[in-house]
Amino acid sequence: MENILYQLFSGEYDITPKRDKKQQELYDQIFSETDKIEAAFGEAFLDRLCELEGEREERRNFQYYRSGFLLGARLILEALNQPSI
């Protein structure tokens, strides 16, 4: 495993979580279903649906990021305000 501090410093750190077996199975099932949607409603409909889903996912991911950042900041402030033992 490469040093995480070096990866952060060099801009090579990838925050993308790796899919486990179950997640990959779910992705495969979703792609199978989207093929059916495209066949029934057309490519334009599916493209718009995917575009909206992408925007929703991006917004949700930002909310998670913001919440995690705020939690981290609160934890640091809490640690800094603790009296020495």
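Tutor: Happy to! Let's start with Tyr 27, which is partly exposed because its relative accessibility is 34% (buried means under 20% relative accessible area, exposed over 50%, and partly exposed in between, with a 1.4 Å probe and protein chains only). Before going further, please keep in mind that this is a predicted model, in which local features need pLDDT of at least 70, side-chain atom pairs count only at pLDDT 80 or more, and totals for chains, interfaces and linings use all residues. Residues are numbered from 1 along each chain as its sequence is written, and side-chain values use heavy atoms, with hydrogens and water left out.

Now back to the ring. Arg 19 lies over the face of Tyr 27, 3.5 Å from the ring centre; a charge sits over a ring if NZ of Lys or CZ of Arg is within 6 Å of the ring centre and within 35 degrees of the ring normal. Tyr 27 also has an aromatic partner, Phe 31: the ring centres are 6.4 Å apart and the planes are at 45°, so the pair is tilted. For such pairs, the ring centres of Phe, Tyr and Trp (its six-membered ring) must lie within 6.5 Å; planes under 30 degrees apart count as stacked, over 60 as edge-to-face and the rest as tilted. By this rule there are 3 aromatic pairs. Because Tyr 27 and Phe 31 are 4 residues apart in helix 2, about one helical turn separates them (helices are DSSP runs of H or I, at least four residues, numbered from the N terminus). Phe 31, at 48% relative accessibility, is partly exposed too.

Let's follow that helix to its neighbour. The axes of helix 2 (residues 21-41) and helix 3 come within 7 Å and cross at roughly 135°; axes are lines fitted to C-alpha atoms, for helices over the stretch in contact, and angles run from 0 to 180 degrees between N-to-C directions. Helix 2 and helix 3 are therefore oblique to each other (under 35 degrees is roughly parallel, over 145 roughly antiparallel, 65 to 115 roughly perpendicular, and the rest oblique). On the helix 2 side, the contact (heavy atoms within 4.5 Å) is made by Thr 34, Ile 37, Glu 38 and Phe 41, and these meet Glu 43, Phe 45 and Leu 46 of helix 3.

Further along, Gln 63 is in helix 3 (residues 43-80) and is partly exposed, at 35% relative accessibility.

Conventions. Helix = DSSP H or I, 4+ residues; strand = E, 2+ residues; numbered from the N terminus.
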